[in-house]
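Here is a friendly briefing to read alongside the model. Please take a look at the sequence and the fold, then work through the notes below.

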Amino acid sequence: MSVREEFDAWAAEGREQGMEDRHWHTARPILARMPVEDGDTVLDLGTGSGYALRALRERGIGAAYGLDGSPEMARKADGYSEDDAVGFLVGDFDHLPFADGSIDHAFSMEAFYYANDPHHTLEEIRRVLKPGGTFYCAVNYYEENVASHGWQANIEIEMTRWDRSEYRDAFRDAGLHVAEQDNVPDREIEIPPASEFPHEEFDSREAMVERYRTWGTLLTVGVAP
Ligand SMILES: C[S@@+](CC[C@H](N)C(=O)[O-])C[C@H]1O[C@@H](n2cnc3c(N)ncnc32)[C@H](O)[C@@H]1O
């Protein structure tokens, strides 16, 4: 199954709203840390509903581009925005349709690991960033987050499961400096009392606390030289 087929189906089921609601818990503090300035051009890779760019526009960024491999997802995102400065494009992480050194900052939430060739995607990001531009890469699916390991069984697109150091190494191999790496906890999700477990996919309260409060979202920040 292709990215297009998979996520067009998700969009048809309206799943972009559920993703936005869940991902916002950690995307919000991560977006708040991005050093955007008035008029900056920002790219969101795997934009889904496009919420990240809508939030960054409130901070005065200029042109904002949401790239997504699913035409239906891009169409939905476009429908949620009435802002002419925000554009949604259909395209793949394999080839970013932007000129060299044309983007001030890039963001991606829960999308990077679907890249067909994540090393090449990082090279592409490095190519399009201006000197000093940043890439804020946020993932919930990664090696240390053991609760995420089962997710691959639910989706036919091959997902890359790197650990923290593999992210740092890959960023450096692509020519990006690693400015920081952090686990951003999800403090908003409600965790029921122990007596209510099993709950969702968790056997115990401890497992759910570890998934959300300890591992949360892995953020790796790259800076273009
Ligand atoms: C799990 S959703 C996350 C969406 C959004 N960033 C969020 O936080 O809710 C992943 C998104 O990335 C897109 N995507 C996955 N692989 C892609 C690729 N190789 N090229 C472009 N978009 C891709 C999907 O179509 C989907 O909209």
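Helices (H or I, at least four residues) and strands (E, at least two) are DSSP runs, numbered from the N terminus. With that in hand, helix α1 is followed by G14, whose phi is positive, near 75°. This is a predicted model, in which local features need pLDDT of at least 70 and side-chain atom pairs count only at pLDDT 80 or more, while totals for chains, interfaces and linings use all residues. Residues are numbered from 1 along each chain as its sequence is written, and side-chain values use heavy atoms, with hydrogens and water left out.

**Helix α1 and its partners**

- Two packed helices are described by the angle between their axes and the distance between the axes.
- Helix α1 (residues 3–12) and helix α4 (residues 71–79) have axes that come within 7 Å and cross at roughly 40°; axes are lines fitted to C-alpha atoms, for helices over the stretch in contact, and angles run from 0 to 180 degrees between N-to-C directions.
- On the α1 side the contact (heavy atoms within 4.5 Å) is made by R4, F7, D8, W10 and A11, and on the α4 side by P71, E72, M73 and K76.
- These residues divide into five nonpolar, no polar and four charged; Ala, Val, Leu, Ile, Met, Phe, Trp, Tyr, Cys and Pro count as nonpolar, Asp, Glu, Lys and Arg as charged, and the others, Gly among them, as polar.
- Within α1, the buried residues are E6, F7, D8, W10 and A11, where buried means under 20% relative accessible area, exposed over 50% and partly exposed in between (1.4 Å probe, protein chains only).
- The cover over those buried residues includes α2 (15–33) and α4.

**The nonpolar cores**

- A nonpolar core is a set of buried Ala, Val, Leu, Ile, Met, Phe, Trp, Tyr and Cys residues joined through side-chain atoms within 4.5 Å.
- The largest such core has 38 residues, and L45, L122, F135 and Y167 have the most contacts inside it.
- At least two residues of this core come from each of α1, β1 (42–45), β4 (103–109), α5 (118–128), β5 (129–139) and α6 (164–173).
- Strand β5 gives the most to this core, with four residues.
- Not counting residues up to four places away in sequence, F135 touches several residues, including L45, L122, I125 and F171.
- A second, separate core of 23 residues includes L53, F107, Y136 and A138.

**Individual positions to look at**

- S49 sits in the loop between β1 and α3 (51–57), and at 2% relative accessibility it counts as buried.
- The side chains of S49 and E20 are joined by a polar contact of 2.6 Å; such a contact is a pair of N or O atoms within 3.5 Å, and within protein one must be able to donate a hydrogen and the other to accept it, with residues adjacent in sequence counting only if both atoms are side-chain atoms.
- T121 lies in helix α5 and is buried, with a relative accessible area of 1%.
- G132, in strand β5, is partly exposed at 45% relative accessible area.
- Although G132 and P225 are 93 residues apart in sequence, they are 5.8 Å apart in space, C-alpha to C-alpha.
- D203 is in the loop between β6 (177–184) and α7 (205–215), and counts as exposed at 67% relative accessibility.
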